[in-house]
Amino acid sequence: MKNFPLPRIDKDPELKNFLLPYCRLQPGEVWDDPEGNHKIGCLDATDISIEKLLNNAKAKLAVHDPPYNMIAFKQQDPVNFTNWCKLWIDNTYKMLDENSSLYVWLGADQKNHFEPFGEFILMMKNSGFDSKSFITMRNQRGYGTQKNWMAIRQELLYYTKGNPVFNSENVYTDIPKAVKGYYKEINGNRTENLERSKSDKIRAGNVWIDIQQVFHLREENVNGCFVQKPIKALERIIEVSSNKNDLVLDFFAHSGTTTLAAEKLKRKSISIDIEPIYCEIIIKRLERFRKTGKLGWQNSNPFENEITNCKELKTYLFDKYKITGKK
Ligand SMILES: C[S@@+](CC[C@H](N)C(=O)[O-])C[C@H]1O[C@@H](n2cnc3c(N)ncnc32)[C@H](O)[C@@H]1O
């Protein structure tokens with residue numbers, strides 16, 4: 001199917017209303033994976049009762065990508081935003097094992113003193129977590145080059161609780177080592193640095209330059225969503241900071257990137273999103289992956305069948321966006 005995208009659902013309340021009846025979850029409901037590996041909850045990350053989803057288990061890893069203060073969320077004062085963050089950080093702490101990892105994707109508004117970055121990292125000082133690394137993921141495409149450095153970074157904070165796994169043998173990139181030029185004498189022989197390496201690839205380190213961001217030409221793109229994180233980034237995090245069958249949490253699951261990466265790597269997951277539409281997208285994405293191996297809907301969208309069968313919705317999309325639909 002070609003040319004059957006969907007605009008950003010969050011920006012079109014009318015479209016959202018059309019799609020809501022097709023969602024399996026209402027607010028407060030949870031989808032249990034028939035294969036027993038994942039739970040998807042239409043829940044609020046700040047609600048203390050989400051702990052019940054664990055059924056007395058504990059998670060080994062949490063990867064959260066909250067809506068940022070200044071872009072995808074209601075415009076908020078950074079202090080209020082951080083107080084709100086404290087609620088889901090406390091929930092995360094309770095739901096994580098005594099030896100576990102937490103990653104948080106966080107924006108920093110360069111026009112406003114990098115809000116809410118400063119407030120957030122100060123709040124984390126009293127969270128019980130230890131700070132571990134500040135990772136930067138480099139986007140391939142950026143913005144704002146006329147009077148500033150092109151904005152291409154995504155900030156990812158890494159915290160730990162206790163002494164979690166760190167499978168460092170998995171932290172190599174696909175990038176071949178190219179820089180030679182330092183030598184060491186071993187058993188009387190002069191060896192060059194590339195000869196001594198464990199791998200011919202460079203390590204990921206805390207600057208990730210090898211991950212393509214998600215946009216409409218990527219197979220993993222989920223039309224209708226926005227700010228989707230690349231599967232490769234989630235796979236890296238999950239491989240390094242958990243083991244097979246461990247439980248992974250994502251409180252802001254949106255397009256289900258963490259859920260899908262957990263499925264691929266044989267981890268269990270609990271994914272939460274406050275919006276029934278994104279919960280439905282996560283379920284559909286997982287089901288589609290299991291059926292076809294596909295990661296997203298590059299030229300189509302998660303509601304392709306529903307739209308095709310609803311004349312009113314088809315007309316709405318054509319009139320407003322000139323989207324023609326399934327032929
Ligand atoms: C930045 S997106 C996450 C993107 C995700 N990492 C991905 O790869 O698709 C943030 C998501 O958080 C959800 N959200 C906002 N407030 C929430 C809350 N209080 N509890 C749970 N989810 C919330 C939004 O509906 C949105 O889907």
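Author: An axis is a line fitted to C-alpha atoms, for helices over the stretch in contact, and angles run from 0 to 180 degrees between N-to-C directions. The model above is predicted: local features need pLDDT of at least 70 and side-chain atom pairs count only at pLDDT 80 or more, while totals for chains, interfaces and linings use all residues. Residues are numbered from 1 along each chain as its sequence is written.

Reader: At what angle do the axes of helix 5 and helix 6 cross?

Author: Helices (H or I, at least four residues) and strands (E, at least two) are DSSP runs, numbered from the N terminus. Helix 5 (residues 231–241) and helix 6 (residues 257–264) have axes that come within 9 Å and cross at roughly 55°. The two helices are therefore oblique to each other, the class left over when angles under 35 degrees count as roughly parallel, over 145 as roughly antiparallel and 65 to 115 as roughly perpendicular.

Reader: Which residues make the contact of helix 5 with helix 6?

Author: Contact requires C-beta atoms, placed from the backbone, within 7 Å. Helix 5 contributes Ile-231, Leu-234, Glu-235 and Ile-238, and these meet Thr-257, Thr-258, Leu-260, Ala-261, Ala-262 and Lys-264 of helix 6. By class, this contact of helix 5 with helix 6 holds six nonpolar, two polar and two charged residues; Ala, Val, Leu, Ile, Met, Phe, Trp, Tyr, Cys and Pro count as nonpolar, Asp, Glu, Lys and Arg as charged, and the others, Gly among them, as polar.

Reader: What do the axes of helix 2 and helix 3 do?

Author: The axes of helix 2 (residues 78–95) and helix 3 (residues 117–124) come within 9 Å and cross at roughly 35°. Here Pro-78, Val-79, Thr-82, Cys-85 and Lys-86 of helix 2 meet Glu-119, Phe-120 and Met-123 of helix 3, and the residues of this contact divide into five nonpolar, one polar and two charged.

Reader: Is Ala-62 buried or exposed?

Author: Ala-62, which lies in strand 3 (residues 59–64), is buried because 28 other C-beta atoms lie within 10 Å, where 20 or more make a residue buried, 12 or fewer exposed, and counts in between partly exposed. Leaving aside neighbours within four places in sequence, Ala-62 is in contact with Thr-92, Leu-96, Leu-102 and Leu-249. Leu-102 is 40 residues away from Ala-62 in sequence, yet their C-alpha atoms are 4.8 Å apart.

Reader: Which residues touch the most other members of the largest nonpolar core?

Author: A nonpolar core joins buried Ala, Val, Leu, Ile, Met, Phe, Trp, Tyr and Cys residues through C-beta atoms within 7 Å. In the largest, with 65 residues, Ala-59, Tyr-103, Val-248 and Ile-282 touch the most other members, and helix 7 (residues 276–292) gives the most to this core, with seven residues. Beyond four places in sequence, the residues that Ala-59 touches include Met-95, Leu-96, Val-248 and Ile-270.

Methods:
Contact = placed C-beta atoms within 7 Å.
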